[in-house]
Amino acid sequence: MPDQQKIDEIKATLARARAVAVLTGAGVSADSGVPTFRGTDGLWRNFRAEDLATPEAFARDPRLVWEWYNWRRELIATKHPNEAHRALVELERRHERFLLITQNVDGLHRDAGSSRLLEIHGNIWTVRCTACKQIEDNREVPIAIPPHCRACHGLLRPHIVWFGEALEEEALDRSMGAVTSCDVLLIIGTSGVVNPAASFAGIAKAGGAFVAEMNLEETPQSAMVDLAVRGRASDTVPLLL
Ligand code: OAD
């Protein structure tokens, strides 16, 4: 099916939908200049995200993990939302029942103005004390390494869900609720290999929803979805409006 026809079909389905859910990943921010995790530019000193974004890596070498996050914080601090982020704000405005679930920790959806938004992996501008568990905003770039809690002097860590860690219960419940009850699920710019987000397409389809994928490349989910649109998110997502 030609891409225009696919876009028209998604638009028609959205127009009929009572409840819309959207799942985004690093591909949405790629057009703002934020490197994806599994693209070649996502490597930092030859480490993969799976080598650094874990509680074990942090326990072993908190300085190294913080240096990686400082690299990402420096990068993200200079970036702005793109047309895909903005189009999703407009989509939210048009639907009474809507939830944007993002795996991105860069905060660009929030900067664009999305408010029915769930950052299921957390936010890079939030830190948590490993001792007293207090959570606070921190926009320092670079953050002084190793950073310490102002209240108890414990070691601070990024308030981000790492590999091997569970999502916050409320985030999991809300995202599962939206995915099981939506009429349309849009999956944009994610490789679809990290759970639980990787399971959303199957769950939505089992509930009878129409599922569309928008990605630069084919993913493990492409075969399962109703429609797959290839292209840059900042080009394709605005076409849905
Ligand atoms: P990945 O880096 O795994 O995947 C990015 C996806 O975006 C790929 O499928 C690309 O084909 C696609 N892509 C790249 N540029 C694009 C563009 N301009 N337009 C549309 N699509 C594009 O990133 P995620 O799937 O988000 O977790 O990764 C999931 C999680 O794994 C992340 O949240 C992160 C990571 O480790 C944590 O940090 C806990």
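Visitor: Which residues line the largest cavity?

Guide: In this predicted model, the largest cavity is lined by Ala26, Ser29, Val34, Pro35, Phe37, Arg72, Ile76, Asn104, Val105 and Asp106. A cavity is a set of points on a 1 Å grid over the protein atoms alone where a 1.4 Å probe fits but cannot get out, a pocket is an open set with protein on both sides within 12 Å along at least five of seven lines, and lining residues have an atom within 4 Å of a point. Residues are numbered from 1 along each chain as its sequence is written, and side-chain values use heavy atoms, without hydrogens and water. Local features need pLDDT of at least 70 and side-chain atom pairs count only at pLDDT 80 or more, while totals for chains, interfaces and linings use all residues.

Visitor: How many cavities of 30 Å³ or more are there, and how much space lies in the largest cavity?

Guide: The structure holds 1 cavity of 30 Å³ or more, and about 60 Å³ of space lies in the largest cavity, where a volume is the space filled by probe spheres set on the points, joined across faces, edges and corners.

Visitor: Which helices and which domains supply the lining of this cavity?

Guide: Helix H2 (26-30) and helix H5 (62-77) each supply at least two residues of the lining; helices (H or I, at least four residues) and strands (E, at least two) are DSSP runs, numbered from the N terminus. Domain 1 (3-33 + 81-121 + 167-240) and domain 2 (35-78 + 123-160) each give at least three residues to the lining of the largest cavity, with bounds from an automatic or database assignment.

Visitor: What volume does the largest pocket have, and which residues lie nearest its centre?

Guide: The largest pocket has a volume of about 850 Å³, and of the 41 residues that line this pocket, Ala26, Thr36, Phe37, Arg38 and Ser191 lie nearest its centre. H2, H5 and strand S8 (210-215) each supply at least two residues of its lining, and domain 1 and domain 2 each contribute at least three.

Visitor: Where does the second largest pocket lie?

Guide: Domain 1 and domain 2 both give residues to the lining of the second largest pocket, so this pocket lies between them. About 410 Å³ of space lies in the second largest pocket, and among its 22 lining residues Glu119, Gly122, His159, Glu168 and Ala171 are the closest to its centre. Strand S4 (122-129) is one of the elements that supply at least two lining residues, and S4 gives the largest share, 4 residues.
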